[in-house]
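Subject: Structure handover

Hello,

Here is the structure I promised to pass on. Please open it first, then read my notes below.

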Amino acid sequence: MLSKGLKRKREEEEEKESLAVDALWLDPGHAAVAQAPPAAASSSLFDLSVLKLHHSLQQSEPDLRHLVLVVNTLRRIQASMAPAAALPPVPSPPAAPSMADNLLASSDAALSASMASLLEDLSHIEGLSQAPQPLADEGPPGRSMGGAAPSLGALDLLGPATGCLLDDGLEGLFEDIDTSMYDNELWAPASEGLKPGPEDEPGKEEAPELDEAELDYLMDVLVGTQALERPPGPGR
Amino acid sequence: MGLSASSKPLPIQEGQPWEMKTPADIISTVEFNHTGELLATGDKGGRVVIFQREPESKNAPHSQGEYDVYSTFQSHEPEFDYLKSLEIEEKINKIKWLPQQNAAHSLLSTNDKTIKLWKITERDKRPEGYNLKDEEGKLKDLSTVTSLQVPVLKPMDLMVEVSPRRIFANGHTYHINSISVNSDCETYMSADDLRINLWHLAITDRSFNIVDIKPANMEDLTEVITASEFHPHHCNLFVYSSSKGSLRLCDMRAAALCDKHSKLFEEPEDPSNRSFFSEIISSVSDVKFSHSGRYMLTRDYLTVKVWDLNMEARPIETYQVHDYLRSKLCSLYENDCIFDKFECAWNGSDSVIMTGAYNNFFRMFDRNTKRDVTLEASRESSKPRAVLKPRRVCVGGKRRRDDISVDSLDFTKKILHTAWHPAENIIAIAATNNLYIFQDKVNSEMH
């Protein structure tokens with residue numbers, strides 16, 4: 001099952017999880033950050049924001065506003081740290097511009113990929129509840145509800161991603177896994193037939209673009225996998 | 001300015017069975033009804049307490065009507081969403097009164113997911129003199145009945161009955177932050193982080209989605225809806241605010257789906273004040289139309305702003321609530337206080353605006369005289385009939401005797417919820433789990 005199975009945590013338990021930052025958080029007049037040189041201040045703010053993001057996403061039902069504001073702030077901080085590498089273990093000598101750009105690009109990509117996968121996972125969890133909500137979630141007919149279809153690949157990233165957001169080898173970890181089976185475009189028509197919910201518009205929009213060969217392949221895949229398991233409705 | 005409020009604190013206090021110092025009693029919303037006769041509060045435990053203003057007594061003309069408890073009921077219970085394995089909090093996020101159309105009062109109360117319509121009725125008479133039943137309701141032995149009588153209505157002790165008339169469930173995937181009753185008195189809207197739904201008050205099994213800002217890919221999500229309200233007079237207009245500090249005025253007659261705004265109100269960022277936290281502090285936590293319908297009031301972390309509906313480029317007035325916090329934003333980010341959502345309120349004549357702050361302080365700004373005052377809601381400083389003393393926060397430099405220094409402000413004592421009587425100078429202030437009601441006896445007319 002994909003849900004975390006966690007009850008909403010009490011605030012005391014939440015604070016225990018951020019042991020390292022407790023002292024920092026509880027001291028309202030924390031001077032170190034204010035007095036630190038700008039680069040170090042940005043870096044510690046960056047770390048703090050990453051921690052907050054991590055913390056927020058670990059909750060069974062994150063506060064979306066808090067999450068979005070932290071992510072946007074993180075992006076701002078990261079943008080301001082552009083000249084220096086964002087990854088702590090990577091030394092940042094005054095290297096050639098191309099090297100710095102590569103570092104920035106990879107850290108950007110890694111962070112973006114991590115944040116993207118975490119937000120995607122969030123949408124998947126939200127999407128699980130959308131299937132059984134019958135009428136209330138309908139808009140005017142024909143309009144896409146904009147529901148993000150689940151990206152099952154993102155779930156694989158959840159574990160390692162939260163643990164090492166700054167690890168730029170993230171993509172490399174999954175190189176050997178063929179995730180083409182989990183691309184949502186392939187699944188959309190199938191879930192269409194199995195569970196007619198308010199989320200059928202994305203499927204409808206993508207289906208016309210599949211040509212016959214792809215459709216045949218699809219059917220083979222579906223027939224093959226349906227023989228293996230019967231999901232209770234791959235709700236989105 | 002003449003706003004010397006005389007205070008009559010009404011903490012939920014001794015003798016009342018519901019007062020406990022537990023988190024469940026933290027007041028989460030406060031709302032006067034349209035006449036100001038009733039005041040509803042919702043709390044973290046899912047309870048609603050309604051206060052009623054006593055009619056002025058001729059015997060004691062000095063005690064203008066004071067508020068006493070009228071009814072208490074459990075509106076929402078904690079629920080468990082089995083699909084997501086999540087607990088749904090019973091905390092009441094918002095209460096909105098319906099305009100009164102008959103002897104009964106009605107209100108909408110909502111938690112994160114479900115809105116309920118409650119009907120409040122009074123019973124002060126009961127029929128007596130039944131032919132077939134005796135005084136206790138037991139059936140009489142028919143042989144003892146020798147004559148017929150007509151039952152008569154006799155007065156009884158007032159009984160207030162509350163019943164849930166409608167439950168509007170399953171309309172929201174995300175957390176509901178606002179509800180607003182339309183001036184047509186037939187529909188209302190509910191807003192969550194990404195969507196706004198329009199409901200008919202009599203229909204619970206469906207709603208119309210009128211705003212949807214959810215991106216196709218959640219990774220593109222950068223903005224959420226923070227508050228929304230219907231225009232007080234034009235039933236087709238409503239406004240919603242965002243976490244990026246913008247306001248969108250929408251016209252339901254223009255399109256079925258109001259993703260495209262009619263007007264966008266946004267103030268350009270001040271380059272001299274730019275920081276990492278610029279966006280967070282610009283996030284609008286509350287939006288309220290003026291009673292006239294001509295202006296909007298917004299609250300962000302450090303300011304309250306008045307907007308003219310005819311001018312989208314910038315607010316017409318900006319008031320600093322606690323600018324001394326601007327240099328402390330980093331610490332406030334660390335302890336999450338920067339995410340606190342304060343509400344704001346207009347007085348009945350739209351001449352004064354009010355909002356809460358930290359240390360149990362609340363602020364009032366007179367739009368005409370441009371004077372402002374800081375007051376404190378606490379038991380120590382609010383004896384009955386005492387006049388509230390203005391407070392001051394000093395930021396270094398010359399310090400007067402009763403000033404509070406910025407560093408000794410208590411950030412756990414936040415006044416997030418305030419309400420102003422629709423016609424008179426009576427305000428309700430929620431300070432954690434205490435409710436304070438202050439009345440201005442000196443200047444009871446609007447000015």
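Start with the cysteines. In chain B, the sulfur of B:Cys337 lies 13 Å from the closest cysteine sulfur, which is in B:Cys330. That is too far for a bond. B:Cys337 is also buried, at 6% relative accessible area. B:Cys394 is buried, with a relative accessible area of 6%. A disulfide needs the two sulfur atoms within 2.5 Å. Over all chains, the search of the whole structure gives 0 disulfides. Keep in mind that this is a predicted model.

Next, chain A. What is it built from, helices or strands? It has 11 helices and 0 strands. From the N terminus on, its order therefore reads α-α-α-α-α-α-α-α-α-α-α. The chain has 236 residues, and 41% of them are buried. The accessible surface of chain A is about 12500 Å². Carbon and sulfur atoms account for 60% of that area.

The largest nonpolar core holds 52 residues. B:Tyr301, B:Tyr333 and B:Ile338 have the most contacts inside it. Which elements give two or more residues to this core? From chain A, they are helix H4 (38-58) and helix H5 (64-80). From chain B come helix H1 (278-282), strand S21 (295-299), strand S22 (303-308), helix H2 (329-334), strand S24 (344-346) and strand S26 (361-366). H5(A) gives the most, with 8 residues.

On the outside, look at one nonpolar surface patch. B:Leu132, B:Leu139 and B:Leu142 make it, and it covers about 360 Å². B:Leu132 sits in the loop between strand S10 (115-128) and strand S11 (152-168) of chain B. Is B:Leu132 buried or exposed? Its relative accessibility is 52%, so it counts as exposed. The cut-off for exposed is over 50%.

Last, two backbone angles in chain B. B:Asp336 is not a glycine, yet its phi is positive, at about 70°. B:Asp336 is in the loop between H2 and S24 of chain B. B:Asp336 counts as partly exposed, at 25% relative accessibility. B:Thr432 is not a glycine either, and its phi is positive, near 55°. Where is B:Thr432 placed? It is in the loop between strand S31 (426-431) and strand S32 (434-439) of chain B. With a relative accessible area of 32%, B:Thr432 is partly exposed.

Best wishes

Methods
Residues numbered from 1 in each chain as written. Chains lettered and ligands numbered in written order. Predicted model: local features only at pLDDT ≥ 70, side-chain atom pairs only at ≥ 80, totals over all residues. Heavy atoms only, no water. Core = buried A, V, L, I, M, F, W, Y, C linked by side-chain atoms within 4.5 Å. Buried < 20%, exposed > 50% of the residue type's maximum accessible area, 1.4 Å probe, protein only. Helix = DSSP H or I, 4+ residues; strand = E, 2+ residues; numbered from the N terminus. Patch = residues over 30% accessible without salt bridge, like charges linked within 9 Å, V, L, I, M, F, W, Y side chains within 5 Å. Areas by Shrake-Rupley, 256 points an atom, 1.4 Å probe, with all protein chains shown as cover. Salt bridge = Lys/Arg side-chain N within 4 Å of Asp/Glu carboxyl O.
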